[in-house]
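Take a look at the structure first, then read on.

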Amino acid sequence: ALKYVNEVLELDASSGEALFLKGYIYLELEDTTNAVRFIAQSIDANPDYFEAYDLLGVISASRGESAAVDFYQKAAELQPQNSMIQYKLGLFYQNRAQWNDAIESYFKAAELDPNNQYAHFNLGYIHTELDLFELARDHFTNAIRANDLYEQAYYGRAYALESLGQLD
């Protein structure tokens with residue numbers, strides 16, 4: 001794959017798609033340094049390359065780097081109706097226990113897509129962490145409405161109800 005993408009880059013060294021693909025190949029080869037380098041070059045070639053910002057956000061988030069916020073925010077500017085970008089941003093904040101920022105991002109994700117079961121679930125999780133069990137119950141219920149087979153949401157709701165003393 002690298003051989004073919006390098007042939008494309010010989011013909012057009014500024015092909016954002018080819019640079020992104022080369023970065024993605026390096027990511028699959030577990031060479032994150034080169035992956036980031038080529039994906040960043042794809043943004044230089046095409047500053048509106050949504051997938052590149054998204055993937056750099058994922059890579060930065062997996063490393064715990066605050067740059068993830070910038071990448072996700074740029075991706076959100078490019079695709080403001082994309083609820084999964086808001087979800088990913090919320091997850092980044094959640095993993096850092098930045099509850100208010102996570103809640104804000106998850107609410108945006110749920111507003112953009114009311115069936116985003118993961119945003120609803122994580123809102124329930126955070127409110128459980130904050131001992132706000134009534135809110136947690138409601139968010140877990142919304143996750144179940146989005147996917148009535150979401151077992152973890154049933155468990156979360158049961159935990160919230162138990163914490164509220166509503167054992168029936």
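## Reading a crossing

A crossing of two helices is called left-handed if the near helix is turned anticlockwise from the far one by less than a right angle, and right-handed if clockwise. By that rule, H6 and H8 cross in a left-handed way. Keep in mind that this is a predicted model.

## H6 against H8

The axes of H6 and H8 cross at roughly 20° and come within 10 Å. Angles under 35 degrees count as roughly parallel, so H6 is roughly parallel to H8.

Who does the touching here? On the H6 side the contact is made by Tyr87, Leu91 and Gln94, and on the H8 side by Tyr118, Ala119, Asn122, Tyr125 and Ile126. Sorted by type, the residues of this H6 and H8 contact come out as six nonpolar, two polar and no charged.

## H2 against H4

Now for the pair formed by helix H2 (residues 16-28) and helix H4 (residues 50-62): their axes are 11 Å apart, and the packing angle is about 25°. That makes H2 roughly parallel to H4. The crossing of H2 and H4 is left-handed.

H2 brings Phe20, Tyr24 and Leu27 to the contact, while H4 brings Glu51, Ala52, Leu55 and Ile59.

## The nonpolar cores

Which residues touch the most other members of the largest nonpolar core? Out of its 28 residues, the answer is Phe20, Ile39, Ala52, Ile85, Tyr93, Tyr106 and Ala119. Two or more residues each come from helix H3 (32-45), H4, helix H5 (67-78), helix H6 (83-95), helix H7 (99-112) and helix H8 (117-129). H4 gives the largest share of this core, with six residues.

Let's zoom in on Ala52. Setting aside neighbours within four places in sequence, Ala52 is in contact with Phe20, Ile39, Ser42 and Ile43. There is also another core of nine residues, lying apart from the largest one, and its members include Phe140, Tyr150, Ala153 and Ala160.

## A glutamine in H6

Is Gln86 buried or exposed? Buried means under 20% relative accessible area, so at 10% relative accessibility Gln86 counts as buried.

What does Gln86 touch? Not counting residues up to four places away in sequence, Gln86 touches Ala76, Ser105, Lys108, Ala109 and Leu112.

Conventions:
Residues are numbered from 1 along each chain as its sequence is written. This is a predicted model: local features need pLDDT of at least 70, side-chain atom pairs count only at pLDDT 80 or more; totals for chains, interfaces and linings use all residues. Side-chain values use heavy atoms; hydrogens and water are left out. Axes are lines fitted to C-alpha atoms, for helices over the stretch in contact, and angles run from 0 to 180 degrees between N-to-C directions. Helices (H or I, at least four residues) and strands (E, at least two) are DSSP runs, numbered from the N terminus. Angles under 35 degrees count as roughly parallel, over 145 as roughly antiparallel, 65 to 115 as roughly perpendicular and the rest as oblique. Contact means heavy atoms within 4.5 Å. A nonpolar core is a set of buried Ala, Val, Leu, Ile, Met, Phe, Trp, Tyr and Cys residues joined through side-chain atoms within 4.5 Å. Buried means under 20% relative accessible area, exposed over 50%, partly exposed in between (1.4 Å probe, protein chains only). Ala, Val, Leu, Ile, Met, Phe, Trp, Tyr, Cys and Pro count as nonpolar, Asp, Glu, Lys and Arg as charged, and the others, Gly among them, as polar.
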